[in-house]
Amino acid sequence: STEHKLSVAPEMDIMEYCIKEWRGNTPVAKRMKKGYEAVSQKFAFIRRVRGDNYCAFRATLFQALSQATQLPSWLQSADFTMLPEKLLSKYDWIKQWQLKQKLGRKMGEISDEIKEYLILLKKKWKNISEIKAANERQEACDELFKNEEEEYSLYEALKFLMLNTAIELYNDDKNGRRVPVFSWLLFARDTSSNPCQLMHNHLNQIGHSGGLEQVEMFLLAYTLRYTIQVYRLYKYNTDEFITLYPNDPKEDWPVVTLITEDDRHYNIPVGMCQETVL
């Protein structure tokens with residue numbers, strides 16, 4: 001009965017899961033079954049991810065940490081934890097960042113709060129990446145994703161890092177530097193024509209009233225410097241069935257794989273049947 005409290009449920013045979021979820025014979029059910037069959041050629045199992053508005057973060061970070069064998073270079077920079085102070089000194093509007101609510105907490109300085117989250121992210125990533133045995137690393141991830149307090153703190157760190165990436169991309173574009181195509185799309189929306197609007201209308205809402213939209217999946221991938229490969233089951237039999245974020249990944253970026261039925265909720269395929277090469 002604790003299973004629904006787990007952020008990432010135990011492994012289940014992928015086709016058993018499919019049969020349980022899609023019993024009917026409607027065109028949608030048929031398409032989903034075909035999609036799951038295609039995924040089952042590469043992965044034996046699925047782990048269900050808890051479905052709140054953080055599930056894209058949860059699935060991506062869980063996969064990244066369970067595969068981590070070293071600390072990413074961007075987490076190694078000496079001034080990584082100074083980021084909140086640095087940004088707040090330049091952009092006053094970041095004071096309206098929406099922090100996660102803790103019971104009985106007095107509102108501290110926003111930069112101190114976010115700094116704590118960044119320190120936690122670095123510490124957890126370092127500790128897990130130093131575990132050599134894959135099964136022990138998996139256990140450490142399972143343990144971490146049972147601790148709600150820490151888990152949500154990590155997502156706050158990711159959101160802030162995404163804001164930082166968005167600011168860099170926006171400034172690069174304004175200064176005539178080359179930026180990836182998704183960056184234009186990100187700031188072409190009426191609701192996010194600049195980083196301040198992106199924060200107010202999108203990043204502040206993630207985990208509360210909304211999840212990640214497609215274009216924000218690109219931003220997440222770019223922030224982590226990971227390629228996020230997603231099996232989009234409802235796009236089975238189209239060229240968008242397997243979508244890469246970003247779609248022109250750097251060769252040295254590690255790859256995490258997710259699975260979705262609707263671009264809103266993400267689960268994790270595990271137990272690779274064969275070497276998968278992008």
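Analyst: What follows describes the salt bridges around one glutamate and then a separate pair.

This is a predicted model, in which local features need pLDDT of at least 70, side-chain atom pairs count only at pLDDT 80 or more, and totals for chains, interfaces and linings use all residues. Residues are numbered from 1 along each chain as its sequence is written, and side-chain values use heavy atoms, with hydrogens and water left out.

Taking a salt bridge as a side-chain nitrogen of Lys or Arg within 4 Å of a carboxyl oxygen of Asp or Glu, the count comes to 20 salt bridges. One network of salt bridges links Arg50, Asp52, Arg58, Glu148 and Glu151. Within this group, Glu151 pairs with Arg50, their closest N and O atoms being 4.0 Å apart. Because Glu151 lies in helix α8 (residues 148-174) and Arg50 in the loop between β2 (43-49) and α3 (55-67), this pair ties together parts that are 101 residues apart in sequence; helices (H or I, at least four residues) and strands (E, at least two) are DSSP runs, numbered from the N terminus.

Glu151 also forms a salt bridge with Arg58, at 2.5 Å from N to O. Here Arg58 lies in helix α3 and Glu151 in helix α8, so the pair ties together parts that are 93 residues apart in sequence. With buried meaning under 20% relative accessible area, exposed over 50% and partly exposed in between (1.4 Å probe, protein chains only), Glu151 is buried at 1% and Arg58 is buried at 0%.

Another salt bridge joins Glu240 and Lys235, with 3.7 Å from N to O, and Glu240 is partly exposed at 35% relative accessibility.
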